[in-house]
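Student: Before we look at the details, could you show me how to read a few features of a model with care?

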Amino acid sequence: MTISREQMLHEMGLSPQWKLRDNPSVLRGAESMLVDEPVEASPVTPVQMPQVQVKRALVAGTAERPEQIAGMSWDELQQSVEDCRACRLCEERQQAVLGVGERSADWLFVGEGPGPEEDVRGEPFVGPAGKLLDAMLAAIGLKRGEDVYIANAVKCHPPGNHAPEAAEILACTPYLKRQIALLQPKVIVLLGRAAVHALLGSEGLLGSLRGKPFEYRDGERSIPVVVTYHPAYLLRTLPDKAKAWEDLCRARALMREARASGLANAENVSI
Ligand code: URA
């Protein structure tokens, strides 16, 4: 049986529905916002490690670790994340969750960290927040696994669902950066504070960051970044869904621009 997108969203109790429609003011706004506005990195507070972790933590903190990760293939990355003991999140995880989706996707969505269901199933965003994320993707014509890759700022479930701490994010960020280098996405959407902290280095309030233009530098490439609310937050705060919708429309406009400039560059090369 096939059901329409409206029916699907209705079944999931996601009202008001996410509708795909061009909003000229949002798209115009996005075009005029393509100015890089870097945010300041904040100092990082180290966590207290139990005795047995100290040696590993020192190894994890060596200058070589990010470099080693930066040279890994997808398979090596998967293995390294499974074996990772770089922070205390490894102690209670059932499994590390690297990400899901096409490894050549144009879209990258980054969340916070696996919840309890993700910890069991080994896939990001499969719980209630994941259902909303799927609806958000559908609203802009996207589908999990099809030109979309979904990752998290930290790859292991934070016990008690605590917000990942600065040191936990810091330990995991080389993995996220390597994922980006391998994927080469055209647009990155950061869902919530942990993702923003990991990639932009800012610990500011989400409300003060969303709507602003950011870019992530991966070597020579500069990738547009859209900051928006985490789906779990949106489930608790329905009025902010409208703002998240604006953010998604902006992301869609940025993707169109990126694809158009990619085509233009390809034409220039062939001339
Ligand atoms: N929340 C996240 O940020 N990521 C998940 O994978 C699940 C819930």
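Tutor: We take the nonpolar core and then the cysteines.

Tutor: This is a predicted model, where local features need pLDDT of at least 70, side-chain atom pairs count only at pLDDT 80 or more, and totals for chains, interfaces and linings use all residues. Residues are numbered from 1 along each chain as its sequence is written, and side-chain values use heavy atoms, with hydrogens and water left out.

Student: Which residues of the largest nonpolar core touch the most other members?

Tutor: In soluble globular proteins, nonpolar side chains tend to be buried together. A nonpolar core is a set of buried Ala, Val, Leu, Ile, Met, Phe, Trp, Tyr and Cys residues joined through side-chain atoms within 4.5 Å, where buried means under 20% relative accessible area (1.4 Å probe, protein chains only). Here the largest core has 69 residues, and Trp-107, Phe-109, Ile-188 and Leu-190 touch the most other members. Leaving aside neighbours within four places in sequence, Leu-190 has contacts (heavy atoms within 4.5 Å) that include Val-110, Leu-199, Val-226 and Thr-228.

Student: How many disulfides does a search of the whole structure find?

Tutor: A disulfide is a covalent bond between the sulfur atoms of two cysteines, and the criterion is a pair of cysteine sulfur atoms within 2.5 Å. The search finds zero disulfides. For Cys-84, the nearest cysteine sulfur, that of Cys-172, is 6.2 Å away, while for Cys-172 the nearest is that of Cys-156, 6.2 Å away.

Student: Are Cys-84 and Cys-172 buried or exposed?

Tutor: Cys-84 counts as buried because its relative accessibility is 15%, and Cys-172 is buried too, with a relative accessible area of 9%.

Methods:
Buried means under 20% relative accessible area, exposed over 50%, partly exposed in between (1.4 Å probe, protein chains only).
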